[in-house]
Amino acid sequence: MNREEQQIISVCQRFAIAGEYSRYEVINSGHINTTYRVYFIRHGEEKDYILQKVNTYVFTKPVDVMENISAVTEFIRAKIKATGVTAKRSVLHYAKTDHDEYYTTMPDGGFWRCCRYINGSVSFTQTDDLKIIEESGKAFGEFQNYLIDFPVDKLHIVIPHFHNTVMRFDALEQAAKDDLAGRAKEVEDVLQGYREIRELATKPYRMQREGILPLRVTHNDTKTSNVLFDAETYEKLAVIDLDTVMPGLVAFDFGDAIRVAGSTVDEDEKDLSKVALDLEKYEAFTRGFVGMVKDTITDEEKRSLALGAIAMTAECGARFLTDYLNGDKYFRIHYPDQNLARAKCHLTLTLDMIAKLAQMQEIVEKYCKA
Ligand code: GN1
Ligand code: MG
């Protein structure tokens, strides 16, 4: 047994999981936290859990994160139950320790949490299946609707200015100036590309500051892999990764989802000739998302959705480039220049979205009327 496994077993003991520990797997899709799937045997059956070590460099107040998550999941659970159906597979269920807390801190300072694995569920990093993309749109739209009357002042701001696109672009300039990793010279062209899209990319954020777009309770990290689907029917089950649920813009939840679900490629595709917004995928997501929210959001918000995709793709790319310049301190990387590859891919994708903005708007309008 290696040290990682010993650690996992002692964390599980804190959560008093019934049954016998059997094995674990590492889940590699996230860029921030460390995630494991842990299998237990209970009454001859396999029961699994998702165990996560929270990245406290990114989430400096992890207790606040867990308070947000428990408030939001309980709120959604109560709404689902009120309709007379079980919420078991449609909202995350975190385990408590014998100290009645949703987390535990280990002797090395590691901050851990544990949630039940949703039986028979699957997730996708990227997919070409339009039905699945539409379902993910429905899932995030429904999530928005569930939280429409959630008391915003109950939420902690776990990462201040998380989707402050203006600050994200300023941070990029600062990183280029500081040049901590000695990489600024090498990325001059990419940096210049980001400077050219800044104005358009920061528009939704500025519209919020001007009071044109309202703040709502949003997910803020709506990538495709953050939705669970039924493994057989591929229908949506639950929205996961609730770390960044905070006040935000609907356009950002829509837009960050399009960044991933609407793309022809993975986040770090190096052959830039392959990188584009796929309008069929875009339409599938829009059909699902707008179908859910069209009666709960304002006309200004509807008009901002397509632009939100440009904002979120550009912002995420600017963050990748910033991290590359700072020496890869924030996002986990699997090879040396992955953050640069991500940044180049996102710049190309943003430029393609800008070229297709009118079509993107038309598609939103079509489903607002439908
Ligand atoms: C991070 O760890 P993960 O993959 O859920 C990041 C998101 C980025 C995303 C890019 C807290 O999310 O903002 O959009 O990577 N989360 C945080 O894939 O910074
Ligand atoms: Mg996340």
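Leaving aside residues up to four places away in sequence, Met312 touches His163, Thr165, Phe252, Gly255, Asp256 and Arg259 (contact meaning heavy atoms within 4.5 Å). Met312 lies in helix H9, where helices (H or I, at least four residues) and strands (E, at least two) are DSSP runs numbered from the N terminus. With a relative accessible area of 1%, Met312 is buried; buried stands for under 20% relative accessible area, exposed for over 50% and partly exposed for what lies in between (1.4 Å probe, protein chains only). Met312 and Glu283 are 29 residues apart in sequence, and their C-alpha atoms are 18 Å apart in space.

The model described here is predicted: local features need pLDDT of at least 70, side-chain atom pairs count only at pLDDT 80 or more, and totals for chains, interfaces and linings use all residues. Residues are numbered from 1 along each chain as its sequence is written, chains are lettered from A and ligands numbered from 1 in the order in which they are written, and side-chain values use heavy atoms, with hydrogens and water left out.

The axes of helix H7 (residues 250-261) and helix H9 (residues 299-326) come within 7 Å of each other and cross at roughly 55°; axes are lines fitted to C-alpha atoms, for helices over the stretch in contact, and angles run from 0 to 180 degrees between N-to-C directions. H7 and H9 are therefore oblique to each other, given that angles under 35 degrees count as roughly parallel, over 145 as roughly antiparallel, 65 to 115 as roughly perpendicular and the rest as oblique. The crossing of H7 past H9 is right-handed (near helix turned clockwise from the far one by less than a right angle; left-handed if anticlockwise). On the H7 side, the contact is made by Val250, Ala251, Phe252, Phe254, Gly255, Asp256, Ile258 and Arg259. H9 contributes Glu301, Ser304, Leu305, Ala306, Gly308, Ala309, Ala311, Met312, Thr313 and Cys316. The residues of this contact of H7 with H9 divide into 11 nonpolar, 4 polar and 3 charged, where Ala, Val, Leu, Ile, Met, Phe, Trp, Tyr, Cys and Pro count as nonpolar, Asp, Glu, Lys and Arg as charged, and the others, Gly among them, as polar.

What does Arg259 touch, not counting residues up to four places away in sequence? The list comprises Lys223, Glu267, Met312, Thr313, Cys316, His346, Leu349 and Met353. At 5% relative accessibility, Arg259 counts as buried. The C-alpha atoms of Arg259 and Asp278 are separated by 10 Å, with the two residues 19 apart along the chain.

H9 also packs with helix H4 (residues 165-178), at an angle of about 25° and with the axes 9 Å apart. H4 and H9 are therefore roughly parallel to each other, and H4 passes H9 in a left-handed crossing. Here Thr165, Arg168, Phe169, Ala171, Leu172, Ala175 and Ala176 of H4 meet a set of H9 residues that includes Ala311, Met312, Ala314, Glu315 and Ala318. By class, the contact of H4 with H9 holds 11 nonpolar, 3 polar and 3 charged residues.

H7 has a further partner in helix H8 (residues 279-293), packed at an angle of about 145° with the axes 10 Å apart. The crossing of H7 and H8 is right-handed. Val250, Phe254, Ala257, Ile258 and Ala261 of H7 make this contact with Lys281, Tyr282, Phe285, Thr286 and Phe289 of H8. Its class division is 8 nonpolar, 1 polar and 1 charged.

Attention now moves to the metal. The protein donors of the magnesium ion (ligand 2) are Asp221 (OD) and Asp241 (OD), which lie 1.8 to 2.0 Å from it. Donors are N, O and S atoms within 2.8 Å of the metal (3.2 Å for Na, K and Ca), and water is not among the atoms, so sites may look incomplete. Asp221 sits in the loop between strand E7 (216-218) and strand E8 (227-230) and Asp241 in the loop between strand E9 (236-239) and strand E10 (246-248), so the pair ties together parts that are 20 residues apart in sequence. Asp221 counts as buried at 19% relative accessibility, whereas Asp241, at 24%, is partly exposed.

His161 has a positive phi of about 60° although it is not a glycine; His161 is found in the loop between helix H3 (130-146) and H4 and is partly exposed at 47% relative accessibility. Asp328, likewise not a glycine, has a positive phi of about 55°. Asp328 belongs to the loop between H9 and helix H10 (338-355) and is buried, with a relative accessible area of 18%.
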